[in-house]
Amino acid sequence: MLFVVFNRCFVRGDSNGVLSCLERERLEQELTEARSRGRNLSRLRNLTPFERAALEGRERGAQARLKDHDAEHGCQR
Ligand SMILES: [Zn+2]
């Protein structure tokens, strides 16, 4: 596994030679987790408006961080 720093991002070259930013991967995972947690919880029971707002806020936050990262690092591909 090759690790290099590119545009201040740690990137990893995978077997296809594609570089991916580790920080971006982490943020994407955070967003995916926030989404699936919301889905799972709302399947289990009815969420209170407060819980729903908290979950949506979490998802929006993760989305915003990903967008900021893209804007700042320009590493999305
Ligand atoms: Zn990056």
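Among contacts in the protein chain between residues at least 6 apart in sequence, 49% join residues at least 24 apart. Keep in mind that what you're looking at is a predicted model. The chain has 77 residues, and 5% of them count as buried.

So what is it built from? You'll find 2 helices and 3 strands in the protein chain. Start at the N terminus and walk along: the order is β-β-β-α-α.

**The helix pair**

Let's look at the two helices together. Two packed helices are described by the angle between their axes and the distance between the axes. Here, helix α1 covers residues 22–44 and helix α2 covers residues 49–73. They pack at an angle of about 165°, and their axes are 9 Å apart. Angles over 145 degrees count as roughly antiparallel, and α1 and α2 are therefore roughly antiparallel to each other. As for handedness, α1 passes α2 in a left-handed crossing.

Who makes the contact? On the α1 side, the residues include Glu23, Leu27, Leu31, Ala34 and Leu41. On the α2 side, among them are Leu55, Arg58, Ala62, Leu66 and His69. Sort the residues of this contact by type and you get 7 nonpolar, 3 polar and 9 charged.

How far apart are the end C-alpha atoms of α2? With 25 residues at 1.5 Å a residue, α2 should span 36 Å, and its end C-alpha atoms are 36 Å apart, which agrees. Just after α2 comes Gly74, which takes a positive phi of about 60°.

**Two residues up close**

Now zoom in on one residue from each helix. Ala34 lies in helix α1, while Arg60 has its place in helix α2.

Is Ala34 buried, partly exposed or exposed? A residue needs 20 or more C-beta neighbours within 10 Å to be buried. Ala34 has 19 inside 10 Å, so Ala34 counts as partly exposed. Arg60 has 12 C-beta neighbours inside 10 Å, and 12 or fewer means exposed, so that is how Arg60 counts.

Leaving out residues up to four places away in sequence, Ala34 touches Arg58, Glu59 and Ala62.

| Pair | Separation in sequence | C-alpha to C-alpha distance |
|---|---|---|
| Ala34 and Gln63 | 29 residues | 9.7 Å |
| Arg60 and Arg35 | 25 residues | 9.7 Å |

Note on methods
Residues are numbered from 1 along each chain as its sequence is written. This is a predicted model: local features need pLDDT of at least 70, side-chain atom pairs count only at pLDDT 80 or more; totals for chains, interfaces and linings use all residues. Helices (H or I, at least four residues) and strands (E, at least two) are DSSP runs, numbered from the N terminus. Two residues are in contact if their C-beta atoms, placed from the backbone, lie within 7 Å. Axes are lines fitted to C-alpha atoms, for helices over the stretch in contact, and angles run from 0 to 180 degrees between N-to-C directions. Angles under 35 degrees count as roughly parallel, over 145 as roughly antiparallel, 65 to 115 as roughly perpendicular and the rest as oblique. A crossing is left-handed if the near helix is turned anticlockwise from the far one by less than a right angle, and right-handed if clockwise. Ala, Val, Leu, Ile, Met, Phe, Trp, Tyr, Cys and Pro count as nonpolar, Asp, Glu, Lys and Arg as charged, and the others, Gly among them, as polar. The expected span of a helix is 1.5 Å times one less than its number of residues.
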